[in-house]
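User: I've got this model open on my screen and I'd like to know what stands behind the labels. Can you walk me through it?

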Amino acid sequence: PLIDQMNPDASVLALSSIEVDLAPLEEGQNLVVKWRGNPVIIRHRTAKEIEEAKAVPIADLPDQQARNANVKDGELATDINRVVGEKEQYLVMLGVCTHLGCVPIGDAGDFGGWFCPCHGSHYDIAGRIRWGPAPTNLPVPPYEYLSDTKIRIG
């Protein structure tokens, strides 16, 4: 009983994963869901946005690590390493600025991605830090595809 009381209760376990239907999300739209008390941004990227993200040289990135829980540690922050299952159209990442934990604004900033107005961090369309005080890319949480348009985060 002493050990069992330290296990997470049902409410915590229920929040450990969520399922999200991506079908209603149109190209160019963002969806924000809550997972473990944090916002998760899901972006249905256009073909143009994907090509722009792929064209960025790794050497131009302040943080060259993928920061994706679904790939091996140390992988480079290429566009394909920021998504899962080679489904490049869907970008899923935590919506918490890596500088001081603010929530970045979508479709803003100098790189067509996200902008944190608190201290001026700019992220590109792949969620990679491009300019400002944020030290790292927006992290990609663990997630998997349950179908072509449904994911489980966590």
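Analyst: Let's begin with pairing: two strands count as paired if DSSP finds at least two bridges between them. Keep in mind that this is a predicted model. With that rule, 3 strands make an open sheet in the order 1-10-9, with antiparallel pairing.

User: What makes strand 1 and strand 9 the edges of that sheet?

Analyst: Strand 1 (18-21) and strand 9 (143-147) each have a single partner strand, so one side of each has no neighbour in the sheet. Neighbouring strands here are turned by 30° against each other on average, direction ignored.

User: How do you know that strand 1 is joined to strand 10?

Analyst: Count the bridges. There are 4 between strand 1 and strand 10 (residues 150-153), running antiparallel, and the rule asks for at least two, so they pair. One to look for on your screen is Asp-21, whose bridge partner in strand 10 is Lys-150.

User: And what joins strand 9 to strand 10?

Analyst: Again 4 bridges, with the strands antiparallel. Glu-144 has Arg-152 in strand 10 as its bridge partner. A hairpin through 2 residues also connects strand 9 to strand 10.

User: Why is Arg-130 called buried?

Analyst: Because its relative accessibility is 17%, and buried means under 20%. Arg-130 is in strand 8 (residues 129-131). Leaving out residues up to four places away in sequence, Arg-130 touches Val-56, Asp-60, Leu-61, Pro-62, Phe-111, His-122, Tyr-123 and Asp-124. For the chain, 41% of the 154 residues count as buried.

User: How many bridges join strand 7 to strand 8?

Analyst: There are 2 bridges between strand 7 (residues 121-124) and strand 8, which run antiparallel. The cut-off is at least two, so the strands pair. His-122 stands opposite Trp-131 in strand 8.

User: What makes you say that the charged end of Lys-87 sits over the ring of Tyr-145?

Analyst: The charged end of Lys-87 is 5.0 Å from the ring centre of Tyr-145. The limit is within 6 Å, together with an angle within 35 degrees of the ring normal. The distance passes, and the contact is listed as sitting over the ring.

User: How do you know that the chain agrees with a compact globule?

Analyst: Compare two values. A compact globule of 154 residues would have a radius of gyration near 15 Å, and the chain has 16 Å, so the two agree. The C-alpha trace spans about 55 × 35 × 30 Å along its principal axes.

User: What does the chain hold in the way of helices and strands?

Analyst: It comes to 2 helices and 10 strands. From the N terminus the elements run α-β-β-β-α-β-β-β-β-β-β-β. As for contacts between residues at least 6 apart in sequence, 50% join residues at least 24 apart.

Technical notes:
Residues are numbered from 1 along each chain as its sequence is written. This is a predicted model: local features need pLDDT of at least 70, side-chain atom pairs count only at pLDDT 80 or more; totals for chains, interfaces and linings use all residues. Side-chain values use heavy atoms; hydrogens and water are left out. Axes are lines fitted to C-alpha atoms, for helices over the stretch in contact, and angles run from 0 to 180 degrees between N-to-C directions. The radius of gyration is taken over C-alpha atoms; the globule rule is 2.2 Å times the number of residues to the power 0.38. Buried means under 20% relative accessible area, exposed over 50%, partly exposed in between (1.4 Å probe, protein chains only). Contact means heavy atoms within 4.5 Å.
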